[in-house]
Amino acid sequence: MKYLSEIIDGLAFTELQGSADIEISAVVFDSRKVTPGCLFVAVKGTVSDGHDYILQAINEGAAAVICEELPSRVTGEVDFLMVADSAVALGIVSANFYDNPSAKLKLVGVTGTNGKTTIATLLYKLFRDMGYKCGLISTVENKINEQVFPSTHTTPDPVELHRLMSDMVEQGCDYCFMEVSSHAIAQHRIAGLNFAGAIFSNLTHDHLDYHKTFEKYLKAKKAFFDDLSSNAFALTNGDDKNGNVMLQNTKAHKKTYGLKSMADYKARILENQFEGLLLQIDNEEVWFKMVGTFNAYNLLAVYAAAMLLDQDKTKILTSLSKLTGARGRFDYIVAPNKIVGIVDYAHSPDAVQNILSTVHDIRKGNEKVITVIGCGGDRDKTKRPIMAKTACEWSDKVVFTSDNPRSEDPAQIIKEMEEGVDPAFKRHTLSIADRREAIKTACMLARPGDIVVVAGKGHEKYQEIAGVKHHFDDMEELVEIFKELS
Ligand SMILES: CC(=O)N[C@H]1[C@@H](OP(=O)(O)OP(=O)(O)OC[C@H]2O[C@@H](n3ccc(=O)[nH]c3=O)[C@H](O)[C@@H]2O)O[C@H](CO)[C@@H](O)[C@@H]1O[C@H](C)C(=O)N[C@@H](C)C(=O)N[C@H](CCC(=O)O)C(=O)O
Ligand SMILES: Nc1ncnc2c1ncn2[C@@H]1O[C@H](COP(=O)(O)OP(=O)(O)OP(=O)(O)O)[C@@H](O)[C@H]1O
Ligand SMILES: N[C@H](CCC[C@H](N)C(=O)O)C(=O)O
Ligand SMILES: [Mg+2]
């Protein structure tokens, strides 16, 4: 419980109706979750408008309301606060409600199209290995030390974020590493957070259904850096063509990392094999367990961030060299008949290109690459033909299939993917909407030594069809099929 007057500390409001001298039991922004005595924040969303639910929230027992416009009919003894932007207000009141936990942690946010989960997870594992208590907020899972909490979003809503961080503080955590998605930045889910540092990985085609243009997608990412404080660090990928845009208007300490360009933190790839990467990193030669050029970037970003957090260079490199990445990223198994199966979360054109070019570069001989790939429903449609085209360019055979069709028709999604295929390659492709059958077929087509890449779902344990999540796990499927093949 907290007084409303404490919860609105630092909040710029234009009008207050009531004394703010009331106790608040919870901060809620969904009328369906209102509990007696709570503060209801009405947020304009992408589907509906929380303002339409103010009266419902009051009927359910909300004691106070934050909104941008007052409802025409106001009933009961309820305090009202008017603000310019309720989404921003939600972040600020959530921070106050939970006693500003992010200021008591060293919070590092990772943004970019690809690599967020990998970088945040590696940072979490690294700092755990170096003896710290830490939290992780990621697409795959949220963690407080070794305790695991399921993740529903890459970046949770503000109430969940501050609640999680408050638990981290309670559990004695020193650090929290979190992913910052572009949706979260645009929707102000990160308002009220106090970042010690921000990392940018890269920016390539994705989420244009939501941001509409690449420019707007870029601006969303930049807004994260623009809002950093002068005590924070802003670490960017100098080799990405938009890396330096992140630093244009930030007050934070500007730092860069890169394999190609001049940078504060530099690395060079000496070996890139299935077994791992040999990097010359800050003038030291170190073997890492991660595979592929893109992971050289991820490792370098992690190394640079750890240095900026004042850790010892030798300790960082020793720990980092032992670590593996996040679940569902380049996970591989070998069948008794020597077919190699790789499960990877590549679900954007750049990720597909990275994963397949890596497989292409590091395979030992002339093994064939057979890729199983789909595209998500209710997501950026423009990436569908590009992902398909890229998959074809880097594979010997491709099986198009479903990847969370959600509310869309799987056959239509596949059709839109097929439009990207070069007619000359068409005969090397198959379309099988049932993902289980698609993976099975790819494995049947493979000969010993060949590599079956199953892209797009990585760690996901479900296939969402017509709004219903059915249990599905790409690795489980491969294990079963490989058993049958032996
Ligand atoms: C498109 C999108 O991002 N939507 C997110 C957004 O919801 P919304 O704006 O659509 O909400 P809405 O349904 O329009 O409702 C508006 C407001 O009215 C309220 N409401 C609504 C109905 C009602 O009966 N009563 C009520 O009070 C809602 O609680 C909300 O406050 O805000 C919600 C709360 O934070 C999120 O849960 C929701 O995520 C949806 C489920 C989603 O699928 N998001 C994905 C696209 C997403 O966020 N992905 C990124 C990662 C992307 C990546 O980089 O890969 C992520 O961070 O996870
Ligand atoms: N630095 C990188 N550059 C380009 N591609 C990468 C990079 N790191 C990982 N990838 C590819 O992108 C996929 C997703 O990686 P990861 O989960 O780390 O990214 P993410 O940014 O967290 O994705 P999401 O937006 O879905 O949360 C990986 O499976 C791999 O194929
Ligand atoms: N965070 C991403 C994940 C996409 C994963 C892929 N399997 C899909 O469902 O499209 C999104 O929500 O767009
Ligand atoms: Mg992620």
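The model you are looking at is predicted.

**Domains**
- The chain falls into domain 1 (2-97), domain 2 (100-322) and domain 3 (331-485).
- Between the C-alpha centres of domain 1 and domain 3 there are 46 Å.

**Positions from the UniProt record**
- An unreviewed UniProt entry gives the feature "binding site" at Ser31, Thr154, Thr155, Ser181, Gln187 and Arg189.
- These positions span 159 residues of sequence and are spread in space as well, with up to 24.9 Å between C-alpha atoms.

**A look at Ser31**
- You will find Ser31 in the loop between strand 4 (27-28) and strand 5 (39-41).
- Beyond its neighbours within four places in sequence, Ser31 has contacts with Phe40, Tyr53, Gln56, Ala57 and Glu60.

**A look at Thr155**
- Thr155 sits in the loop between strand 11 (147-150) and helix 5 (158-170).
- Thr155 counts as buried because 25 C-beta neighbours lie inside 10 Å.
- Setting aside neighbours within four places in sequence, the contacts of Thr155 are Met178, Glu179, Val180, Ser181, Ala184, Arg189 and Ile190.

**Around ligand 3**
- The residues surrounding ligand 3 are Thr154, His347, Gly376, Arg379, Asp403, Asn404, Gly456, Lys457 and Glu460.
- Sorted by class, this shell holds five polar and four charged residues, and no nonpolar ones.

Conventions. Residues numbered from 1 in each chain as written. Chains lettered and ligands numbered in written order. Predicted model: local features only at pLDDT ≥ 70, side-chain atom pairs only at ≥ 80, totals over all residues. Near = placed C-beta within 6 Å. Nonpolar A, V, L, I, M, F, W, Y, C, P; charged D, E, K, R; others polar. Domains from an automatic or database assignment. UniProt positions renumbered as here; feature names shortened; annotations may be inferred. Helix = DSSP H or I, 4+ residues; strand = E, 2+ residues; numbered from the N terminus. Contact = placed C-beta atoms within 7 Å. Buried ≥ 20, exposed ≤ 12 C-beta atoms within 10 Å, placed from the backbone.
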